[in-house]
Amino acid sequence: MSKDDIKVGNYTCEVTELSREGETVVEVKYRMVSWFSPNENILIVIFPILAILLFWGQFGILTLKYKSNCTSMKIVLLLIAGLLLTIIVIVGAILFIPGEYSIKNSFGLGFIVISTGILILLQYNVFTTAFGMTSFTVAILIMQVLGYVLAVVGLCLCVTACVPVHGPLLISGLGIIALAELLGLVYMKFVASNQRTIQPPRNN
């Protein structure tokens, strides 16, 4: 029964059992229960934000260390896509306010999860622009795709239930996406550092 169809209070119910009749008083209470647990709420918001911050770290390395490898158009497109992703995730986090299950909450969660797929395209373009694809970068992208699939499956299972028992599946997917972004940032920093230490031979 919808909470809008009944008012909180005491209700007297007539009970008939065989030839006996009686009355019983039932107290109706309303208690607000959060859709996700507090820890799950925090992780659902933190992991995508962390992944976006790590992308901006990759973007910074790309613009500072690989200027000769990238065109101004690619930089502008990556910048616009990154800003768009950041705005979508922030809007999703605002809509995903801890509370009861609602359409607003589900839309916010959808914005957060679905938009993280943009990170896969962004990271692919960052890798190909900086130094091309290697076996390690391919493994990072595969990991990120796997995390995105888990997050989307967890999202579909959560929005169809008032009690999201599959929240850990969704969170694990978002965590894998953030981990892939971290590995991508570390790898880019490592490659950039090695390229910086290699000096061209001097002509005598």
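Student: What percentage of the 204 residues in the protein is buried?

Tutor: Buried residues account for 35% of the 204 residues. Please keep in mind that this is a predicted model.

Student: What share of the contacts joins residues at least 24 apart?

Tutor: Taking contacts between residues at least 6 apart in sequence, 66% join residues at least 24 apart.

Student: Let us turn to helix packing. At what angle do H2 and H4 pack?

Tutor: Helix H2, residues 72-95, packs with helix H4, residues 117-130, at an angle of about 155°, and their axes are 11 Å apart. An angle over 145 degrees counts as roughly antiparallel, so H2 is roughly antiparallel to H4. The crossing of H2 past H4 is left-handed.

Student: Which residues make that contact?

Tutor: H2 contributes Lys74, Leu78, Ala81, Gly82 and Leu85, while H4 contributes Ile118, Leu119, Leu122, Asn125, Val126 and Thr129. By class, the contact of H2 with H4 has seven nonpolar, three polar and one charged residues.

Student: How far apart are the axes of H4 and H5?

Tutor: The axes of H4 and helix H5, residues 135-159, are 9 Å apart, and the two helices pack at an angle of about 175°. H4 is therefore roughly antiparallel to H5.

Student: Which residues are involved there?

Tutor: On H4 they are Gly117, Leu119, Ile120, Gln123, Tyr124 and Phe127, and on H5 they are Thr137, Ile140, Leu141, Gln144, Val145 and Tyr148. The contact of H4 with H5 has eight nonpolar, four polar and no charged residues.

Student: Is glutamine 123 buried or exposed?

Tutor: Glutamine 123, which lies in helix H4, counts as buried because its relative accessibility is 0%.

Student: What does glutamine 123 touch?

Tutor: Leaving aside residues up to four places away in sequence, glutamine 123 touches Gln58, Ile140, Leu141, Gln144, Ala180, Glu181 and Gly184.

Student: What separation do the C-alpha atoms of glutamine 123 and glutamine 144 have?

Tutor: The C-alpha atoms of glutamine 123 and glutamine 144 are separated by 9.5 Å, and the two residues are 21 residues apart along the chain.

Key: Residues are numbered from 1 along each chain as its sequence is written. This is a predicted model: local features need pLDDT of at least 70, side-chain atom pairs count only at pLDDT 80 or more; totals for chains, interfaces and linings use all residues. Side-chain values use heavy atoms; hydrogens and water are left out. Axes are lines fitted to C-alpha atoms, for helices over the stretch in contact, and angles run from 0 to 180 degrees between N-to-C directions. Helices (H or I, at least four residues) and strands (E, at least two) are DSSP runs, numbered from the N terminus. Angles under 35 degrees count as roughly parallel, over 145 as roughly antiparallel, 65 to 115 as roughly perpendicular and the rest as oblique. A crossing is left-handed if the near helix is turned anticlockwise from the far one by less than a right angle, and right-handed if clockwise. Contact means heavy atoms within 4.5 Å. Ala, Val, Leu, Ile, Met, Phe, Trp, Tyr, Cys and Pro count as nonpolar, Asp, Glu, Lys and Arg as charged, and the others, Gly among them, as polar. Buried means under 20% relative accessible area, exposed over 50%, partly exposed in between (1.4 Å probe, protein chains only).
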